[in-house]
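The following exercises examine one protein structure step by step.

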Amino acid sequence: MKRKHDNGFPARDAIVAFIRANPGKIGTREIAREFGLKNADRVELKRILRELADDGTIAKRGRKVLEPAALPPTVMADVTGRDTDGELLATPTEWDEEEFGAAPKIRIHVPRRPQPGTAAGIGDRVLLRVEKTDDTEGTPYRGRVIKVVDHARTRLLGIFRKLPNGGGRLVPVDKKQAGRELNIAITDTGGAEDGDLVSVDLVRTRGYGLASGKVKERLGSLATEKAVSLIAIHAHDIPQAFTPSALRDAEAAKPAILQGREDWCELPLVTIDPPDAKDHDDAVHAAPDDDPNNKGGYIVHVAIADVAFYVRPGSALDRDALMRGNSVYFPDRVVPMLPERISNDLCSLVPGEPRGALAVRMVIGADGRKRSHSFHRVLMRSAAKLNYAQAQAAIDGRPDDTTGPLIEPILKPLYAAYTMVKLARDERDPLDLDLPERKILLKPDGTVDRVIVPERLDAHRLIEEFMILANVAAAEMLEKKALPLIYRVHDEPSQEKVHNLQEFLKTLDLPFAKTGALRPALFNRVLAQVRGHDAELLVNEVVLRSQAQAEYAAENYGHFGLNLRRYAHFTSPIRRYADLIVHRALIRALDLGEGALPEAETLETLSEVAAQISVTERRAMKAERETADRLIAHFLADRIGATFQGRISGVTRAGLFVKLSDTGADGLIPIRTLGTEYFNYDEARHALVGSRSGAMHRLGDVVDVRLVEAAPVAGALRFELLSEGKVIPRGRKQGGRREASSAPVSPSKTRPGRSPHPKERKPGKTKPGKSKRGKSWKR
């Protein structure tokens with residue numbers, strides 16, 4: 001029975017009950033339909049939902065409403081143990097404990113006749129379909145295994161330490177296994193030498209003494225960078241070797257021909273990529289529109305490698321690609337989603353070679369807005385391969401032999417079209433964070449040479465904006481055709497994070513008055529106020545941390561960071577499985593030939609794929625970040641006692657995290673080493689404050705530190721603070737701008753004898769379209 005007040009409007013508890021009965025599936029439209037509300041009632045309904053969200057009764061996820069911290073219908077989870085009845089228990093693989101508290105437990109229901117591939121055990125990673133139960137304290141969710149994604153590991157990665165009498169010990173590199181050494185018998189060392197990185201099979205466990213292992217593979221000495229990147233690859237179970245059947249399919253593949261395609265070989269498309277790029281999967285072209293109805297407008301073409309032509313649904317190549325989810329980029333290597341025969345050859349748009357592509361033709365008005373678009377399956381021939389700096393130098397008046405002939409016919413029209421597109425971009429006002437992105441450069445021997453911050457050029461922005469336009473066009477086309485797809489979605493910040501940001505900005509006397517709907521422009525106004533000031537980097541960092549993380553989903557709730565209603569990844573199918581799904585859907589929607597999305601692919605099955613590839617994306621981000629940490633720790637290991645300048649990049653109850661200015665390395669200053677007084681954690685200020693002196697160490701402060709300890713295997717650094725803290729004068733209002741005084745505070749004293757804490761991980765922001773390693777909110 002639908003309870004209503006006398007005025008005919010539904011009671012709040014009835015609305016909440018309906019939301020709880022349909023977790024993650026409904027929005028304003030569905031609620032209005034359920035209670036028979038007319039258009040005139042929508043304003044009142046939205047007001048009620050906003051109040052329910054503000055007081056924490058419900059949560060908003062884009063256009064969907066649900067219970068706070070509720071799980072989506074499909075979730076990746078780790079099987080952690082059994083309950084008292086012997087049933088398996090699991091917790092979500094990706095869960096933000098800082099925002100939502102402890103992860104909920106899921107009781108796994110096992111049917112009498114389980115489907116093949118769904119038999120799970122403790123330690124396995126599984127894809128679950130979940131539903132809410134009435135048990136709010138114990139196990140609030142019940143789940144059914146869709147498939148087992150990864151079985152519990154019986155193979156460990158570690159450092160081999162040779163014993164004087166033969167045999168050895170394995171010191172695991174996994175922090176969770178810290179202190180749990182394995183015994184390696186003389187006959188089981190596999191020829192490993194002291195200090196080798198090895199892969200070991202667990203051969204015997206017992207209730208007492210050390211477990212035993214057998215060396216299966218020597219991966220190299222930790223003195224080489226190769227071993228450092230392999231730690232992350234093995235620790236995160238990133239597949240390296242393709243299956244034999246996938247490699248056979250790749251080798252047997254033939255180049256695309258003109259049959260069934262439009263001939264675009266005379267269109268002078270060019271690729272613009274990083275100088276070290278090995279695959280070139282997108283090409284661009286622009287020309288003035290000669291349509292008198294679009295005076296001053298441009299036609300922009302974006303051609304993307306036709307991966308769907310080679311990687312067919314259900315094939316061995318497809319299975320391998322889905323298991324990887326995406327390519328993973330390390331300083332010295334790439335672990336590709338597809339074999340090199342596909343990614344670096346048949347689908348690489350190299351100059352002068354005919355290549356199959358899925359292309360979009362977009363009509364841009366003089367105001368920069370996209371007026372129309374159409375998709376085409378084509379055969380193209382790239383006119384040139386350029387890098388960003390090369391293209392920018394040419395347009396700035398410094399052409400080389402390659403770019404000189406391209407300036408007038410190709411580059412100038414591209415930049416002119418970009419200038420127009422930028423007008424619409426600025427009007428849209430997406431989130432405009434400005435944080436430096438560092439890149440590690442290696443020497444020929446694989447060790448770190450230096451760390452740089454590459455310059456951001458208009459050439460980068462040109463490609464990014466064209467890729468965004470193409471991605472939006474793909475999403476719009478598939479919605480128009482009513483076909484399922486995988487969206488790239490980014491939720492708006494939670495109410496709690498917005499409140500925390502407001503409290504922080506008060507300490508800087510920066511207004512953040514949220515009225516009406518939350519929009520990126522609100523954050524941009526804050527960022528504009530601090531541009532060019534000392535607090536610029538600090539405020540950019542805190543605003544970034546207030547944002548949600550982008551992900552893949554089969555249901556659309558928009559992209560907050562880009563300020564777009566619909567967005568899908570279309571432009572990099574060589575390195576992202578989501579893009580391959582979108583290509584297949586376009587082929588099916590427009591009847592473009594072979595490689596289409598099968599009819600069996602429904603919203604439900606694509607939800608499962610989206611959950612899986614969201615996890616593999618985060619796995620790649622962690623592996624890339626941890627490898628950079630280990631490389632820098634190796635680089636600094638022989639500089640114990642050296643002093644560095646850095647900036648406080650994180651503040652927790654455990655201490656201060658400092659990012660060094662020259663290398664970007666992160667390390668911890670344990671709170672116990674900050675001095676003789678007690679330091680309080682001030683969450684609103686992102687600071688530690690001395691209880692006696694009032695000395696304050698705050699996020700963003702520039703500090704001098706001394707390197708005390710480096711642990712290359714863990715990628716951890718420990719510092720001693722040398723800088724004096726700022727002092728809050730007694731009686732001064734804490735929200736004031738002028739907090740600091742020049743009163744001296746004694747430098748910190750380091751207390752030896754404790755190992756460094758693992759460094760705090762914070763997601764970064766990602767550049768759309770072209771960025772290989774970027775930051776999470778945009779990606």
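Helices (H or I, at least four residues) and strands (E, at least two) are DSSP runs, numbered from the N terminus. The model is predicted, so that local features need pLDDT of at least 70 and side-chain atom pairs count only at pLDDT 80 or more, while totals for chains, interfaces and linings use all residues. Residues are numbered from 1 along each chain as its sequence is written, and side-chain values use heavy atoms, with hydrogens and water left out.

**Exercise 1. Salt bridges**

Task: Determine where Asp458 and Arg461 lie and how many residues apart they are. Then examine two further pairs.

Solution. 

Step 1. A salt bridge is a side-chain nitrogen of Lys or Arg within 4 Å of a carboxyl oxygen of Asp or Glu. Side chains of opposite charge can pair when their charged atoms come close. The whole structure contains 39 salt bridges.

Step 2. Asp458 and Arg461 are both found in helix H11, 3 residues apart, about one turn of the helix. Their side chains form a salt bridge at 3.3 Å, N to O. For accessibility, buried means under 20% relative accessible area, exposed over 50%, and partly exposed in between (1.4 Å probe, protein chains only). Asp458 is partly exposed at 33%, and Arg461 is partly exposed at 30%.

Step 3. Asp196 and Arg218 form a salt bridge of 3.0 Å, N to O. This pair links distant parts of the chain, with Asp196 in strand E12 (residues 196–204) and Arg218 in strand E13 (residues 211–221), 22 residues apart. Asp196 is buried, with a relative accessible area of 7%, whereas Arg218 is partly exposed at 44%.

Step 4. In the pair of Arg630 and Glu626, the closest N and O atoms are 3.9 Å apart. The two residues are separated by about one helical turn, because they stand 4 residues apart in helix H16. Arg630 is buried at 5%, and Glu626 is buried at 18%. Elsewhere, salt bridges that share partners join Lys422, Arg425, Asp426 and Glu465 into one network.

**Exercise 2. The nonpolar cores**

Task: State how many residues the largest nonpolar core has, and which of them have the most contacts inside it.

Solution. 

Step 1. A nonpolar core is a set of buried Ala, Val, Leu, Ile, Met, Phe, Trp, Tyr and Cys residues joined through side-chain atoms within 4.5 Å.

Step 2. The largest such core has 98 residues, and Val302, Phe466 and Phe570 have the most contacts inside it. Helix H11 (residues 458–480) gives the most to this core, with 12 residues.

Step 3. Contact means heavy atoms within 4.5 Å. Leaving aside residues up to four places away in sequence, Phe570 touches several residues, among them Ile304, Leu358, Val360 and Phe375. A second, separate core of 50 residues includes Phe504, Leu510, Leu636 and Phe644.

**Exercise 3. Helix H7**

Solution. 

Step 1. After H7 comes Gly325, which has a positive phi near 80°.

**Exercise 4. Strands and their partners**

Task: Identify which side chains of strand E10 are buried, and then describe the pairing of other strands.

Solution. 

Step 1. In a regular strand the side chains alternate between the two faces of the sheet.

Step 2. Two strands pair if DSSP finds at least two bridges between them. E10 pairs with strand E11 (residues 182–184) in the antiparallel sense over 3 bridges, and Gly168 stands opposite Ile184 in E11.

Step 3. Strands E23 (residues 439–442) and E24 (residues 448–452) run antiparallel and are joined by 4 bridges. They form a hairpin with 5 residues between them, and Gly446 in the turn has a positive phi of about 90°.

Step 4. A closed barrel of 5 strands runs E4-E5-E6-E8-E7, with mixed pairing. Within it, strand E6 (residues 106–109) and E8 pair in the parallel sense over 4 bridges, and Tyr141 in E8 is the bridge partner of Ile106.
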